[in-house]
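User: Hello! I would like to go through a model with you, one question at a time. Could you keep the cut-offs in view as we go?

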Amino acid sequence: MTYGKKAFLLALQCVVLMIGALSVYVLVFSREISNLRVSNEITEGWGGEVRFKGVQASSAFNVNTDTRRPSSYTCDATVDTRSLHRGIYEAEVFTANLGFKAVFDGEKLRQMYGPDVAFTLDFPENRIDRLGEVTINGKPCRWIHHNGFLIVKANIADIPDDVVIQSSFATRGSGGLYLTRVGYTNRITIDGKAANPSFQGSSLPLAREVGDSSRFSASWEGSNTSSSNLYSDYVGTKFLTGVDRYQKVTRTLKYSFIIIILTYIAVFLTEILRRRSIPLLNYFFIGAALVIYYTLLLSFVELMAFGWAYLVAAVMTVGLISVYMGYITKSKKMGLTIGGILTVYYGACYVMLVSTYALLLGSILLFCAVALLMFATLYSPQRTAPPALPSTPQ
């Protein structure tokens, strides 16, 4: 069989193998949907996401009238997460302690509502596990239940300047914690313990830190001058678990075509350089092992961290193909060479998965791989020196 015909048949094999990789992609999607369904069942009693909209002022006689936002607002949240398991599925839940301080302009409140003002805690009462004491300018006050929310009423006639209301409460939930920047100027901080926090919202935190011991902290500052779309200006943290690992497997699958093609090219060049034919069936078995790698990765990632799952699946696949190539070519050296090439491929793929500059690194690594394969075709150990010219008879 000519090399051109064999290359064409190998290209057809790659197409068949990519159909197999596509079936693995469908399997990953199905497992992700199942994980979401079971996670929702696990966290059903925890109330889902927590969204705290802050504190606003209104008339004490009609709390449904136009409300006024605080001139400055501070909210601090401390979060403690833990994983709940049901078989291979898991869900992240958390408890949170929130403390807030809202400062209102006393003169403007009196102009709008008179001396009697109500402050509404814009958070459902049934989501509060423990309610702390509320104070207005240091004076203890009493929360009042109103239509599923909590309000506190006060007479501010004797408060000449700023009206400061402070309190705290504990809540619990799952998925994420989000805090509205309800004041004209705001300072929001969220810290605590979480394995994989993702900071989200209308702006990124000014400062953030994620430690090795699952400790994290983030802070936001800024103004919110919008009045028509107030509650869209929120910041917060999403806590990722099992869904994130399926997304990583999906991202890994995106590089499957490149790895299969480059591996086939490396084996094909081995055949050319060693002038030893490798049957198409052996190529297909190697390609099948490359596709099965992704099912191994999916299986292991449901039982352990993604990094360890990637390592175990890669070692198994590289080891299998290396030994197989050693038997095919009857050369341990070639088996180790192919194993080394595959190690570079999977190592480069992992770097692209965890790097911020994935596209740049992927392009550079792909360029280097193609360059090495190009220059490898210029060398063949089977070449021999041209025969020497016969000596001229004396």
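User: How many disulfides does a search of the whole structure find?

Analyst: Happy to start there. This is a predicted model, so local features need pLDDT of at least 70, side-chain atom pairs count only at pLDDT 80 or more, and totals for chains, interfaces and linings use all residues. Residues are numbered from 1 along each chain as its sequence is written, and side-chain values use heavy atoms, with hydrogens and water left out. With a disulfide taken as a pair of cysteine sulfur atoms within 2.5 Å, the number found in the whole structure is 0.

User: Is Cys75 buried or exposed, and at what relative accessible area?

Analyst: Buried means under 20% relative accessible area, exposed over 50%, and partly exposed in between, with a 1.4 Å probe and protein chains only. Cys14 falls under that limit with 6%. Cys75 is buried too, and its relative accessible area is 0%.

User: How many helices and strands does the protein chain have?

Analyst: Helices (H or I, at least four residues) and strands (E, at least two) are DSSP runs, numbered from the N terminus. Counted that way, the protein chain comes to 8 helices and 17 strands.

User: What is the bridge partner of Gln56 in strand 5?

Analyst: Strand 2 runs antiparallel to strand 5 (residues 116–121), and 5 bridges join them. In strand 5, the residue bridged to Gln56 is Thr120.

User: Which residues is Thr120 in contact with, leaving aside its neighbours within four places in sequence?

Analyst: Thr120 sits in strand 5 and counts as buried because its relative accessibility is 18%. Contact means heavy atoms within 4.5 Å. The residues in contact with Thr120 are Gly54, Val55, Gln56, Ser58, Leu150 and Ile151.

User: Which residue in strand 17 is the bridge partner of Gln200?

Analyst: Strand 14 pairs with strand 17 (residues 234–239) in the antiparallel sense, over 5 bridges. In strand 17, the bridge partner of Gln200 is Gly236.

User: What does Val301 touch, not counting residues up to four places away in sequence?

Analyst: Val301 belongs to helix 5 (residues 280–301). It counts as buried because its relative accessibility is 0%. The residues that Val301 touches are Arg245, Val249, Phe306 and Ala309.

User: How far apart in space are Val301 and Ala313, C-alpha to C-alpha?

Analyst: Along the sequence, Val301 and Ala313 are 12 residues apart. In space, their C-alpha to C-alpha distance is 9.6 Å.

Key. Two strands pair if DSSP finds at least two bridges between them.
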